[in-house]
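Please find below a short note for a colleague who is new to this structure. The sequence and the model are shown first.

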Amino acid sequence: MITLLAKKPDILLGTRIWKTKGNWKYDFEGLYQFGKINTQNISAWTLSSNTSYTFENVKFNPGIGLKTEFISGDKNSNGNKLQAFNPLYQKGAYFGLAGLIGPSNLIDIHLSIALDLTEKLGFQIDYDVFRRSSIHGSLYAPNMQLSYSGDNTTERFIGTQLIANFDYNVNPF
């Protein structure tokens, strides 16, 4: 599937491939953003992968997952090319329940384990590692407002996040 979304002055071109086959689930996405804003040319991209496997014949049906995102950031904050990917209409809490950073200039790796404790009660734990994809790019909030400038640091490591949650399915609807 190829998707073309246009929001002047930039264009987003992408594809998504997903499938559930047996105990495996996967979802791969790639997007390229281009166009022009003011005097800057836009050339930004993102790649994401979400793969999981469920052990159905084991107690609690444990599932393991690996999710990654590689999202471009500016290589030169004073240049004439905008390379920080702008997701346009993303949800607020993109990386877990505590939405502190947005999906731009980011390398993100999530490891997860899920358990079916009962037929209706599930438990999941997710560990995320966040790094800047470009040492010259800044960090942005979920609404794409500047959070931290990348001008005075060359540090890539942003931080980690540990999430644990219980899900209760009241009924199939």
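The numbered points below cover the basis of the model, confidence, overall fold, core and one histidine.

1. This is a predicted model, in which local features need pLDDT of at least 70, side-chain atom pairs count only at pLDDT 80 or more, and totals for chains, interfaces and linings use all residues. Residues are numbered from 1 along each chain as its sequence is written, and side-chain values use heavy atoms, with hydrogens and water left out.

2. The mean pLDDT (the predictor's confidence in each residue, from 0 to 100) of the protein chain is 87, and 89% of its residues reach 70 or more. Confidence is highest in strand β5 (residues 63–71), at a mean of 96, and lowest in strand β1 (residues 2–7), at 46.

3. The protein chain has 0 helices and 11 strands; helices (H or I, at least four residues) and strands (E, at least two) are DSSP runs, numbered from the N terminus. Of its 173 residues, 31% count as buried, meaning under 20% relative accessible area with a 1.4 Å probe, protein chains only.

4. The largest nonpolar core has 8 residues: Leu 12, Ala 44, Ile 71, Phe 85, Leu 88, Ile 101, Leu 106 and Phe 130. Such a core is a set of buried Ala, Val, Leu, Ile, Met, Phe, Trp, Tyr and Cys residues joined through side-chain atoms within 4.5 Å.

5. His 110 lies in strand β7 (residues 106–116) and is buried, at a relative accessible area of 5%.

Conventions
Buried means under 20% relative accessible area, exposed over 50%, partly exposed in between (1.4 Å probe, protein chains only).
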